[in-house]
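These are my notebook entries on one protein chain. I set down what I looked up, in the order in which I looked.

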Amino acid sequence: MLKLYGGARSRASIVQWYLEELGVPYEFVLLDMQAGEHRQPEYLKINPVGKVPAIVDGDFQLWESGAILLYLADKYGKTPLSVEKRAELSQWVLFANATLGPGIFVEANREREMPRLLTTLNEIFQQQPFLLGEEFSVADVAVGSILSYIPLLLKLDLSSYPEVLNYMKRVSERPAFQKAIGKRS
């Protein structure tokens, strides 16, 4: 059975959300980050950087939430992906981690980046319910999770982005989201 390693209030919940969406059985291994369990030799064999999340799927080990999401989409996704569709998914997962997250959660970037990023997302969601159109995908897990942390961590006024708010509501009402992330709010 796939093992997902994470800490309380960590990015492991993003991977957990996607595992729930896919219906993949997994064991969640909760590491006590305060006690330094993520820096113990046993865990460092899985992730030498000592961060969470990480997965062990049979003999395969992987860390970094975006890489894990893409791996899960490739291995357990319901439909085979073309090279182009895989690239689109990668684009959004990388955008979530490298652009959207830092643009919102790094205070020095927020004033400049957040309006540009959320205006673009708002325009996309005026046209379609999910990032790639009508169907929910791993791209929505990556971007939706970052957006869902805004009201939990920053309490920013997002009323200028009504379609982003509608999207956040849409993804947060999904049963898999509620199981993995919703219980924290």
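This is a predicted model: local features need pLDDT of at least 70, side-chain atom pairs count only at pLDDT 80 or more; totals for chains, interfaces and linings use all residues.

Entry 1, a helix pair. I looked up where H5 meets H7 and found Leu118, Leu121, Asn122, Phe125 and Gln126 in H5 in contact with Pro162, Glu163, Val164 and Tyr167 in H7, contact being heavy atoms within 4.5 Å. By class, I noted six nonpolar, two polar and one charged residues; Ala, Val, Leu, Ile, Met, Phe, Trp, Tyr, Cys and Pro count as nonpolar, Asp, Glu, Lys and Arg as charged, and the others, Gly among them, as polar.

Residues are numbered from 1 along each chain as its sequence is written, and side-chain values use heavy atoms, with hydrogens and water left out.

H5 and H7 (residues 162-172) pack at about 70°, their axes 7 Å apart; axes are lines fitted to C-alpha atoms, for helices over the stretch in contact, and angles run from 0 to 180 degrees between N-to-C directions. H5 is therefore roughly perpendicular to H7, a term for 65 to 115 degrees.

I found Leu131 in the loop between H5 (107-127) and H6 (138-153); helices are DSSP runs (H or I) of at least four residues, numbered from the N terminus. Leu131 is buried at 4% relative accessible area, the limit being under 20% with a 1.4 Å probe, protein chains only. Beyond four places in sequence, its contacts include Trp92, Phe125 and Tyr167.

How values were computed: Helices (H or I, at least four residues) and strands (E, at least two) are DSSP runs, numbered from the N terminus. Buried means under 20% relative accessible area, exposed over 50%, partly exposed in between (1.4 Å probe, protein chains only). Angles under 35 degrees count as roughly parallel, over 145 as roughly antiparallel, 65 to 115 as roughly perpendicular and the rest as oblique.
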